[in-house]
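The points are grouped by topic.

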Amino acid sequence: MTDSLLRLEIDALISEFAWRIDQGDPETAADLFTEDGWYGRETGERSIGRSEIRAAYARRKGREGTAGIRTSRHLFTNLRLHEVSDAAARGSCILLLFAADGPPPHPARPLLVQDYEDAYRRVDGQWFFASRSARKIFVAENFVPVLPLGASG
């Protein structure tokens, strides 16, 4: 596999992840992880496996009952790949998040900038996240986490 093809495929995976959260069905973001994949934060919260990741997004969606509609745009950029093989790779990227409760439009104020460290695994010709680890870099004063990773239901 050429480096440019790998980069396009990983970039498509990251873009699909953002689209599913922002405009699709967020619970299906779990399907972009390997069966044993995990999603975590620098503070130690971690959801392991598709079912736990799906449950975290279901809890995020469940809060809409009290907060109303959640509008978000996850903008991932600066993809950098390393430790690449035909079946696995590691990479990093940056998230710029705009999010607010309620229907759009909203003021354009960044809510969060995070660094992501990812591990990718190729299964049956398709790339998946084996892990995603997020670390906050810039946080708006009004930032409140809405994805309860590692929470138990």
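Asp124 counts as exposed at 82% relative accessibility, where exposed means over 50% relative accessible area, buried under 20%, and partly exposed in between (1.4 Å probe, protein chains only). Asp124 sits in the loop between β5 and β6, and has a positive phi of about 50 degrees although it is not a glycine. The model is predicted: local features need pLDDT of at least 70, side-chain atom pairs count only at pLDDT 80 or more, and totals for chains, interfaces and linings use all residues. Residues are numbered from 1 along each chain as its sequence is written, and side-chain values use heavy atoms, with hydrogens and water left out.

**Backbone geometry**

- Most residues other than glycine have a negative phi, and most peptide bonds are trans.
- Asn78 has a positive phi, near 60 degrees, and is a residue other than glycine.
- Asn78 belongs to strand β3; helices (H or I, at least four residues) and strands (E, at least two) are DSSP runs, numbered from the N terminus.
- With 52% relative accessibility, Asn78 counts as exposed.
- The peptide bond from Pro104 to Pro105 is cis, with omega near 5 degrees, and Pro105 is found in the loop between β4 and β5.

**Salt bridges**

- Side chains of opposite charge can pair when their charged atoms come close.
- The structure holds 10 salt bridges, a salt bridge being a side-chain nitrogen of Lys or Arg within 4 Å of a carboxyl oxygen of Asp or Glu.
- One of them joins the side chains of Glu16 and Arg20 (2.8 Å, N to O).
- Both Glu16 and Arg20 lie in helix α1 (residues 3–22), four residues apart, about one turn of the helix.
- Glu16 is partly exposed at 30% relative accessible area, whereas Arg20 counts as buried at 18% relative accessibility.
- Another salt bridge links the side chains of Arg70 and Asp101 (3.0 Å, N to O).
- Arg70 lies in strand β3 (residues 70–82) and Asp101 in strand β4 (residues 88–101), so this pair ties together parts that are 31 residues apart in sequence.
- Arg70 counts as buried at 15% relative accessibility, and Asp101 as partly exposed at 33%.
- Arg90 forms a salt bridge with Glu83, and their closest N and O atoms are 3.7 Å apart.
- Arg90 is partly exposed, with a relative accessible area of 36%, while Glu83 counts as exposed at 58% relative accessibility.

**Arg41, a buried charge**

- Arg41 is part of strand β1 (residues 33–41).
- Arg41 is buried yet has no salt bridge; Glu45, the nearest side chain of opposite charge, is 4.4 Å away. Lys and Arg count here as positive and Asp and Glu as negative, while His and the chain ends are not counted.
- Leaving aside residues up to four places away in sequence, Arg41 touches Ala134, Lys136, Leu147 and Leu149, contact meaning heavy atoms within 4.5 Å.

**Cavity**

- Rolling a probe the size of a water molecule over the atoms shows where empty space is left.
- On a 1 Å grid over the protein atoms alone, a cavity is a set of points where a 1.4 Å probe fits but cannot get out, a pocket is an open set with protein on both sides within 12 Å along at least five of seven lines, and lining residues have an atom within 4 Å of a point.
- Grid points are joined across faces, edges and corners, and a volume is the space filled by probe spheres set on the points.
- The whole structure has one cavity of 30 Å³ or more. The largest cavity has a volume of about 290 Å³.
- Its lining has 24 residues, and those nearest the centre are Arg41, His74, Leu97, Val146 and Leu147.
- At least two lining residues come from each of α1, β1, α2 (50–62), β3, β4, β5 (112–123) and β6 (126–139).
- By class, the cavity lining has 17 nonpolar, three polar and four charged residues. Ala, Val, Leu, Ile, Met, Phe, Trp, Tyr, Cys and Pro count as nonpolar, Asp, Glu, Lys and Arg as charged, and the others, Gly among them, as polar.

- The largest pocket holds about 370 Å³ of space.
- Of its 20 lining residues, Phe98, Ala99, Ala100, His106 and Pro107 are the closest to its centre.
- The elements giving two or more residues to this lining are β3 and β4.
- The lining of the largest pocket has 11 nonpolar, four polar and five charged residues.
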